Amino acid sequence: MRFSLFGDIQIKGIVLYWIHNQLFMRRGIFPVKLDMRSHWSRQLFVNSGRKPPLNWLLLCFVCILGLIVIFISSSSNSLNSVPSSPIPDIYKNYRRLKEQATSDLLEIRSLSLGITQTKELDLCGKEREHYVPCYNVSANHLAGFHDREEFDRHCELLQVGQRCLVRPPKDYKIPLRWPAGRDVIWNGNVKITKDQFLSSGSMTKRLMLLEENQIAFHSEDGMINDGVKDYSHQIADMIGLGSDSEFLQAGVRSVLDIGCGFGSFGAHLFSLNLMTICIAAYEISGSQVQLSLERGLPAIIGNFISRQLPYPSLSFDMVHCAQCGIVWDEKDGAFLIEVDRILRPGGYFVLTSPTNELQGGTLSAKKRIMLPPIEEFTQKICWSLLAQQEETVVWQKTSDVHCYASRNQDSVPPLCTEEADTQSYYQPLLSCISGTNSKRWVPIQNRSSGSQLDSAELEVHGMHPDDFHEDSQVWRSALKNYWSLLTPLIFSDHPKRPGDEDPLPPFNMIRNVMDMNAHYGGLNAAFLEAKKSVWVMNVVPIETPNTLPLILDRGFTGVLHNWCEPFPTYPRTYDMVHANGLLSLVLNSQCDLSDLLLEMDRILRPEGWIVLRDKVQAVEKARMLVTQIRFVFAGERTNFVIFKHEPTENFSSPSLLGVSDGRTSEIETGATLKL
């Protein structure tokens, strides 16, 4: 059995002390406790007044010599026992020691406070590898939901069961870094059947198998990418632009892609700096949302079969549907009314469907042949048909709010009251036109092109410019603090390999961030100003003032959400979760903080991170609970704490800022892929 260096020193000190006592006690002289502040403290022995015998001096000399030999040999063994390992291993060992010391400190602190240590949660079964709460199709059927409403979100039916940690699939691998990871994903990370994989679909849904365990969303001959680019150029031409690079100049900054396929169209628009978010219904396998998020692209589960989307009125500059499976003239035009609600004045609705392909040369001839219900209804809601080419039709919403007043008094649909315009969190679909009374009724061509709104635009949201700039400054500073802690942590786990052309970690290690209490979107703006290739899902809790209109007007993406419920996304879909003030908000509500932390764990991708920024009491409460979820402390500053989801014995995973920890039998880090 080998003792540590410090253990050896302690043992030798005890031996020396025992020998010292024995020497003097045999002569009837007892050691005295020295006062280190007195003059006599400099004496090593008590002066007995007699000269010690020579044999005792020799015995002392031999003992001291023997102890020196033991000390040198043990020190040499300790040094020789240190394995020669690369520098990253030294970093990891140091971090493990630091994390273990922190864990021990937290345990001591909890015991001093009388808090019993909570038991770690077990792993969920294999059937929950892709688990999304609130979307139980079988339970929805039994509850009486039908006509596709069984695929809708029904958290009211969610049963409180045994808590467990959602594990990744057995073949799960860490996603490839951007930009390669945007075009190639690991097949084992998503749930997709062979038939779904081989189905061709539209140009925005095509994919190909690059290797046995990878899915590629491009082809070496460029046919898929070129097809998406041609489609994007076609839409730009139909709205009167020279190319799709002019979308921003035309006021198109944000796009809602309904039924996005596998995100190829959104990925192209994303490369043009257009914030494009995919929204699609829940799917048990072959999910459009899961595949898009695995590529690192913005996506969320949602549909408007019976309820509004979780967005306020006047949220997007363009709504796109390419074979999205919606019958637009059903329910007396309620689906088109919902599109009109979230579409900004002057915005575009792009519909691509085989049923739109018509014969004839002139636009007037095509309008006469087109299905009457859709065309007649778009006229009632003040949309104008801009163009139609082959399967694609483009309408533009009016910029003139007086268009609605100029209709007949008995026009259908009527205008909504102001009260109907304020609620947008999973409310029933409206049968009236909303947004016409809003101060945000500003044509997209007249809006600011950047994320910094002018004083007039801030006044619409009831915000003073000084408060806005102060908030921006706070988040610039906060992001610098976060990154100063993240950089060495990520770099120690992922050292830059020789020949890598991509930037040093962590600049390419974090692709998306969920800001769980986004306020004004300041963290999102700070990421943009720092030129980090990260997009942020800005979540506004329904218990807080609704700042989502301000966030969307800055050109960001976001959503309303109730954090007493699970978030509508698949497991392992975000690289970082940021919670500013959310813990206090949850503790002051009827929600359970443990459920919130468990939801963070479900959302986090392996090797992902969590940043908790809150009051001291709330953070300390979370510290005591994260041991259940296997979050490991990674670092902290005055006003925030980081955890990491370190690998368990079977898996490597994310962190709490912190990181979420992995749970598969084997996790491989994606190798560099030459495309």
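**Figure 1. Asn-408 in the loop between helix 13 and helix 14.** In this predicted model, Asn-408 sits in the loop that runs from helix 13 to helix 14. The relative accessibility of Asn-408 is 59%, so the residue counts as exposed. Lys-380 is 28 residues away from Asn-408 along the chain, and the C-alpha atoms of the two residues are separated by 9.8 Å.

**Figure 2. Tyr-426, in the loop between helix 13 and helix 14.** Helix 13 covers residues 402–405 and helix 14 covers residues 455–460, with Tyr-426 in the loop between them. Tyr-426 has a relative accessibility of 16% and is counted as buried, because the cut-off for that class is under 20%. The backbone of Tyr-426 has a phi near 55°, which is a positive value in a residue other than glycine. Most residues other than glycine have a negative phi.

**Figure 3. Helix 8 and the residue Asn-273 just after it.** Helix 8 spans residues 264–271 and is mostly covered, with 7 of its 8 residues buried. The buried residues are Ser-264, Phe-265, Gly-266, Ala-267, His-268, Leu-269 and Phe-270. Asn-273 is a residue other than glycine. Its place is in the loop between helix 8 and strand 6, the latter being residues 275–280. Asn-273 has a relative accessible area of 62% and is therefore exposed.

**Figure 4. Helix 10, residues 334–342.** Buried residues make up 9 of the 9 positions of helix 10, so this helix is largely enclosed by the rest of the structure.

**Figure 5. Cys-134 and its contacts.** Cys-134 is located in the loop between helix 3, residues 87–112, and helix 4, residues 137–142. With a relative accessible area of 5%, Cys-134 is buried. Residues up to four places away in sequence are not counted here; beyond them, Cys-134 touches Asp-152, Arg-153, His-154, Cys-155, Leu-158 and Pro-566. One of these, Leu-158, is 24 residues from Cys-134 in sequence. In space, Cys-134 and Leu-158 are 5.8 Å apart from C-alpha to C-alpha.

**Figure 6. Ser-472 in helix 15.** Helix 15 is made up of residues 465–493, and Ser-472 is one of them. Ser-472 counts as buried, as its relative accessibility is 4%. When residues up to four places away in sequence are not counted, Ser-472 touches Gln-452 and Arg-554.

**Figure 7. Asp-592 in the loop between helix 18 and helix 19.** Helix 18 comprises residues 582–587 and helix 19 comprises residues 593–603, and Asp-592 lies in the loop between the two. The relative accessibility of Asp-592 is 35%, so this residue counts as partly exposed. A polar atom of the Asp-592 side chain lies 2.8 Å from the backbone nitrogen of Ser-594. Apart from its neighbours within four places in sequence, Asp-592 is in contact with Arg-163 and Val-586. Trp-563 is 29 residues from Asp-592 in sequence, and the C-alpha atoms of the pair are 9.8 Å apart in space.

**Figure 8. The crossing of helix 19 and helix 20.** The axis of helix 19 comes within 10 Å of the axis of helix 20, which is formed by residues 616–629, and the two axes cross at roughly 50°. The two helices are therefore oblique to each other. The crossing is right-handed. On the side of helix 19, the contact is made by Leu-593, Ser-594, Leu-597, Leu-598 and Asp-601. Helix 20 contributes Lys-621, Ala-622, Leu-625, Val-626, Gln-628 and Ile-629. Sorted by class, the residues of this contact are 7 nonpolar, 2 polar and 2 charged. An α-helix has 3.6 residues a turn, so residues three or four places apart point the same way.

Terms used
Residues are numbered from 1 along each chain as its sequence is written. This is a predicted model: local features need pLDDT of at least 70, side-chain atom pairs count only at pLDDT 80 or more; totals for chains, interfaces and linings use all residues. Side-chain values use heavy atoms; hydrogens and water are left out. Helices (H or I, at least four residues) and strands (E, at least two) are DSSP runs, numbered from the N terminus. Buried means under 20% relative accessible area, exposed over 50%, partly exposed in between (1.4 Å probe, protein chains only). Contact means heavy atoms within 4.5 Å. A polar contact is a pair of N or O atoms within 3.5 Å; within protein, one must be able to donate a hydrogen and the other to accept it, and residues adjacent in sequence count only if both atoms are side-chain atoms. Axes are lines fitted to C-alpha atoms, for helices over the stretch in contact, and angles run from 0 to 180 degrees between N-to-C directions. Angles under 35 degrees count as roughly parallel, over 145 as roughly antiparallel, 65 to 115 as roughly perpendicular and the rest as oblique. A crossing is left-handed if the near helix is turned anticlockwise from the far one by less than a right angle, and right-handed if clockwise. Ala, Val, Leu, Ile, Met, Phe, Trp, Tyr, Cys and Pro count as nonpolar, Asp, Glu, Lys and Arg as charged, and the others, Gly among them, as polar.
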